[in-house]
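The briefing below concerns charged side chains and how they pair. Please keep the sequence and the model in view while reading.

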Amino acid sequence: AGPSIPYTPLSDACGIVEEVGEDVKGLRPGDRVCSTFFPTWQSGRLAPEKLSMLGASELGVGQQHFLLPQSALARPPDFLTDIQAATLPCAALTAWRAVLDGTGLLPGETILLQGTGGVSIFALQFAVAAGLRAIVTSSSDEKLERAKALGATDGINYRSKPDWAAEALQLTSGKGVDLVVEVGGAGTLAQSIRAVRLEGTISLVGMLAGGTQPLDVRTIYMKNVIVRGITVGSLEMFQRMCKAISAHNIEPVVCKVFPWREARSAFEALKQGGHIGKIVLDFTT
Ligand SMILES: NC(=O)c1ccc[n+]([C@@H]2O[C@H](COP(=O)([O-])OP(=O)(O)OC[C@H]3O[C@@H](n4cnc5c(N)ncnc54)[C@H](OP(=O)(O)O)[C@@H]3O)[C@@H](O)[C@H]2O)c1
């Protein structure tokens with residue numbers, strides 16, 4: 001079931017602090033901040049008391065003015081535009097954690113990214129910065145070319161080559177990739193398990209190809225695969241990610257910016273999937 005209406009959607013924002021409460025330290029009017037996805041997950045492990053989520057369990061940030069606790073705010077890298085910074089809290093942090101935070105991947109290892117949406121393109125940019133070999137799948141040859149221009153080493157069209165796991169195995173001399181960022185979910189998981197190496201990792205973040213499907217679990221344990229569920233990340237992870245973004249001058253790929261009054265068209269465009277990277281709503285126009 002969807003959220004009860006009226007509801008304010010969206011989980012990522014960048015904006016300017018207008019006023020601060022008496023107890024706020026280290027933030028002033030005029031400062032530029034991003035919202036964080038989990039306002040109460042500052043650091044350490046996820047725990048039941050840290051589960052509130054902006055734009056999911058709580059009202060989201062799709063508004064011109066809003067009030068947030070200081071714990072729900074973080075500073076984005078200075079060199080990014082407001083539009084670019086607005087893409088960081090959810091998709092970028094999910095990709096950061098899926099690829100680099102706690103995965104132990106080493107330069108030269110191979111990662112497979114599904115599709116060219118917001119999470120996957122950030123994952124590609126982080127993989128390239130970390131010296132990983134990145135194989136990207138997409139339904140479009142044109143998007144695969146864009147991914148290669150961003151540093152992908154190989155592309156597989158999952159429409160013309162529906163057995164993309166076989167292609168990934170071939171590209172890795174039969175060994176399999178070290179990590180898959182799984183945005184497809186149940187509909188693609190069986191192929192991801194085939195595509196990954198023995199003791200490889202699947203960072204499970206999405207379910208664009210469905211949430212439920214029968215699965216032969218022997219394929220997981222026979223290959224000693226680690227399936228790692230991921231929901232975004234903590235403030236501490238966001239700060240680590242921003243350091244890497246600054247060090248490597250990573251500019252988020254923003255496909256299109258819509259004025260907020262055209263939010264409906266923005267959601268339609270997202271649904272149609274013609275984009276690469278992120279779609280942003282501008283609340284200043
Ligand atoms: N767990 C978390 O913390 C978290 C955070 C953010 C997002 N998510 C979830 O992660 C998923 C991706 O989010 P997003 O923001 O990147 O979405 P998005 O920008 O809408 O990504 C859409 C793209 O995914 C690709 N795709 C769709 N079905 C696919 C399939 N069967 N196999 C391979 N690629 C497929 C397509 O790429 P091509 O056009 O190139 O084919 C499509 O354009 C969503 O399910 C979202 O809800 C989870």
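Asp101, Glu236 and Arg240 are joined in a network of salt bridges, a salt bridge being a side-chain nitrogen of Lys or Arg within 4 Å of a carboxyl oxygen of Asp or Glu. The structure holds 9 salt bridges. This is a predicted model, in which local features need pLDDT of at least 70 and side-chain atom pairs count only at pLDDT 80 or more, whereas totals for chains, interfaces and linings use all residues. Residues are numbered from 1 along each chain as its sequence is written, and side-chain values use heavy atoms, with hydrogens and water left out.

**A pair between strands**

- Arg133 and Asp154 meet through their side chains in a salt bridge, at 3.2 Å from N to O.
- This pair links distant parts of the chain, since Arg133 lies in strand 5 (residues 133–138) and Asp154 in strand 6 (residues 154–157), 21 residues apart; strands are DSSP runs of E with at least two residues, numbered from the N terminus.
- Asp154 counts as buried because its relative accessibility is 16%, and Arg133 counts as partly exposed at 25%, where buried means under 20% relative accessible area, exposed over 50% and partly exposed in between (1.4 Å probe, protein chains only).

**Other pairs**

- Lys175 forms a salt bridge with Asp178, and their closest N and O atoms are 3.8 Å apart.
- Within that pair, Lys175 is exposed, with a relative accessible area of 52%, whereas Asp178 is buried, with a relative accessible area of 4%.
- Asp216 and Arg218 also meet in a salt bridge, at 2.8 Å from N to O, and Asp216 is partly exposed, with a relative accessible area of 36%.

Conventions
Helices (H or I, at least four residues) and strands (E, at least two) are DSSP runs, numbered from the N terminus.
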